[in-house]
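Here are my notebook entries from a walk through one model.

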Amino acid sequence: MLAYVGLGSNLGDRAGYLLQALSLLSRLPETRFLRLSPVYETEPVGPPQPLYLNLVAEVDTKLPPRGFLEALLDIERSLGRERKERWGPRTIDLDLLLYGDLVLREVGLEVPHPRLHQRAFVLVPLADLVPEGRHPVLGRTFAELLAPLDRKGVRPFVL
């Protein structure tokens with residue numbers, strides 16, 4: 001199944017955490033990378049905190065949605081992610097944005113990601129990969145969803 005994962009980091013060696021997460025993602029069973037978006041430095045959402053580095057990975061996985069999400073959470077834990085406050089700073093954040101065209105609402109698992117269409121720091125790199133891809137609930141392309149959003153807090157970053 002074609003899936004999209006948002007990656008973000010704003011504590012410590014941000015680029016290093018992204019690279020470690022990508023390395024661990026590449027080792028998941030029955031999962032392979034297809035493409036990566038460019039990396040962006042972005043303004044945080046939530047309480048005052050350092051700037052983030054964000055990107056989106058396109059992967060092909062045979063893991064079921066819940067199993068794939070659990071693998072992402074395991075990677076976060078292995079890289080020191082602590083969940084102290086909502087939208088707080090983090091070493092690494094891995095969000096399952098899309099899992100094919102699946103629409104799923106379960107406790108602890110929602111795809112597409114429920115705030116995907118509201119966040120430029122997700123839509124900019126996602127639209128880099130699939131500008132004509134469509135949100136499975138809203139039916140609009142990612143480029144269309146991005147158009148009205150404020151992008152000034154999303155800047156290209158060179159590793």
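**Entry 1: a proline in a loop.** I looked up Pro112 and found it in the loop between β7 and α3; helices (H or I, at least four residues) and strands (E, at least two) are DSSP runs, numbered from the N terminus. The peptide bond that joins Val111 and Pro112 is cis, with omega at about -5 degrees.

**Ground rules.** The model is predicted, so I noted that local features need pLDDT of at least 70 and side-chain atom pairs count only at pLDDT 80 or more, while totals for chains, interfaces and linings use all residues. Residues are numbered from 1 along each chain as its sequence is written, and side-chain values use heavy atoms, with hydrogens and water left out.

Entry 2: I checked how covered α3 is: 9 of its 10 residues are buried, where buried means under 20% relative accessible area, exposed over 50%, and partly exposed in between (1.4 Å probe, protein chains only). Among the buried residues of α3 are Phe121, Val122, Leu123 and Pro125.

**Entry 3: β4 and its partners.** Which strands pair with β4? I counted a pair if DSSP finds at least two bridges between two strands. β1 (residues 2-9) runs antiparallel to β4 (residues 52-61), with 8 bridges. Here I found Ala3 opposite Val59, and Leu2 has Asp60 as its bridge partner. β2 (residues 31-36) is also antiparallel to β4, over 5 bridges, and Arg35 stands opposite Glu58 there. β3 (residues 39-42) pairs with β4 in the antiparallel sense too, over 3 bridges, with Tyr40 partnered by Asn54. I then looked at burial: β4 has 9 of its 10 residues buried, so the rest of the structure largely encloses it.

Entry 4: I followed β1 to β5 (residues 93-99) and found an antiparallel pairing over 6 bridges. Val5 faces Leu96 across this pairing. In β1, 7 of the 8 residues are buried, so this strand is largely enclosed by the rest of the structure as well. A reminder to myself: side chains in a regular strand alternate between the two faces of the sheet.

**Entry 5: the cores.** I searched for nonpolar cores (sets of buried Ala, Val, Leu, Ile, Met, Phe, Trp, Tyr and Cys residues joined through side-chain atoms within 4.5 Å). The largest one has 30 residues, and Leu7, Phe68 and Leu94 have the most contacts inside it. At least two residues of this core come from each of β1, α1 (14-26), β4, α2 (65-78), β5 and β7 (109-111). Another core, of 19 residues, lies apart from it and includes Val56, Leu98, Phe142 and Val154. I also listed the contacts of Phe68 (heavy atoms within 4.5 Å): leaving aside neighbours within four places in sequence, they include Ala3, Val5, Leu25, Val59 and Leu96.

**Entry 6: Asn10.** Is Asn10 buried or exposed? Asn10 has a relative accessible area of 2%, so I filed it as buried. Its place is in the loop between β1 and α1. I checked its polar contacts (pairs of N or O atoms within 3.5 Å; within protein, one must be able to donate a hydrogen and the other to accept it, and residues adjacent in sequence count only if both atoms are side-chain atoms). The side chain of Asn10 makes one with the side chain of Gln49, at 2.9 Å. A polar atom of the Asn10 side chain also lies 3.0 Å from the backbone oxygen of Pro50.

**Entry 7: Arg134.** I found Arg134 in the loop between α3 (120-129) and α4 (142-146). Its relative accessible area is 48%, so Arg134 is partly exposed. A polar atom of its side chain lies 2.7 Å from the backbone oxygen of Gly139. Leaving aside neighbours within four places in sequence, Arg134 is in contact with residues including Arg140, Phe142 and Glu144. Arg134 and Glu144 are 10 residues apart along the chain, and their C-alpha atoms are separated by 9.1 Å.

**Entry 8: Glu30.** Last, I looked at the loop between α1 and β2, where Glu30 is found. Its phi is near 55 degrees, a positive value in a residue other than glycine. Glu30 is exposed, with a relative accessible area of 53%.
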